[in-house]
Amino acid sequence: MTYTPVRSGFTGPSAKIGGSTDYHIDLKLLESLPVAERVKALDALASQYRSIGREIEFSNPSVAGARWSSEADLADKVDLLNRAAAAHAHSRHPGWQSLDFYVPFKGKSRFDQGAVEGASIFIPGVAGGKVTRGEGDGYGYFSEASDPSGRVLFRVGHGDISRPEEESIVAVSPSGNTPSDQQPKGTETSDEAQRLLETFMGTVLADYVKGRKTPETPKIEDKDKGITRDELKEILALKQMSESETEAKNAEARRLGQFVSALEATKARMAQASAQAMQAFKSPASLV
């Protein structure tokens, strides 16, 4: 089968995702699906997350910190899949493999501020099937992916109920592509733009959780200027990153200047002390 990742909400704080751990994702795979297909589905998700700079990091005991690598051998991937499912001991559903994971940015961990907050959640869409969405039952905002026969193969949940997708049902074409007119809102942006937008939103949400004032997004009264709200968010993200880089460079320049000044002062003191020592050595009185 062919799997097309379809965005299905965003990670959120416990109070908005059904009461579970902040910003994590719960994915369920039909256990009767051949293991090679389950691995293929996870590979598709990992590839999608990688395109926006994120990685799948498991979180339950015995697999905590382990990351999914599409490049790993099939045997290693099957082993990690089964261990991650076994580690989901706190909640089991007959006939399903359940996985808990986060999707931090590459080079970051799930404990780093802004690394997992407001991250996109994806579900493997099945070619010729559909993705159906809903919320509730302690699962927050969730989605189910079914094949052409209507059999549900995947479920993903603990999404932020305050950030639902626009469509309640998304059809996946037999070719494995999601029709452009049914793309989830926001997925029309490039992978790089989406990565920047998620970086921006992650920082904003992390600041909000810590009680800081979040930057306001200017309102767009109309589209006469050809700038959409998503594009505006991307521009703000780029601006924020540019300002952060500039501030970092300025801070480094200040530290370097302070170091040079301290070095020069030390050099002057050493020269003065050396001169005094030489003078004392040359003076007969100093030997008395």
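Student: In which helix does Asp 43 lie, and does Asp 43 count as buried or exposed?
Tutor: In this predicted model, Asp 43 lies in helix H1. Because buried means under 20% relative accessible area, and Asp 43 has a relative accessibility of 18%, the residue in helix H1 counts as buried.

Student: Which residues does Asp 43 touch, not counting residues up to four places away in sequence?
Tutor: With those sequence neighbours set aside, a tryptophan is among the residues that Asp 43 touches, namely Trp 68. Trp 68 in turn has Asp 43 among its contacts, together with others including Val 39, Leu 42 and Ala 46, once neighbours within four places in sequence are left aside.

Student: Which element gives the most residues to the largest nonpolar core?
Tutor: The largest nonpolar core has 41 residues, and Trp 68 is one of those that touch the most other members, as are Ile 56, Phe 58, Leu 99 and Phe 154. Among the elements that give two or more residues to this core are strand E1 (3-10), helix H2 (74-86) and strand E8 (152-159), as well as helix H1 (35-51). The element that gives the most, with 7 residues, is H1.

Definitions and conventions. Residues are numbered from 1 along each chain as its sequence is written. This is a predicted model: local features need pLDDT of at least 70, side-chain atom pairs count only at pLDDT 80 or more; totals for chains, interfaces and linings use all residues. Side-chain values use heavy atoms; hydrogens and water are left out. A nonpolar core is a set of buried Ala, Val, Leu, Ile, Met, Phe, Trp, Tyr and Cys residues joined through side-chain atoms within 4.5 Å. Buried means under 20% relative accessible area, exposed over 50%, partly exposed in between (1.4 Å probe, protein chains only). Helices (H or I, at least four residues) and strands (E, at least two) are DSSP runs, numbered from the N terminus. Contact means heavy atoms within 4.5 Å.
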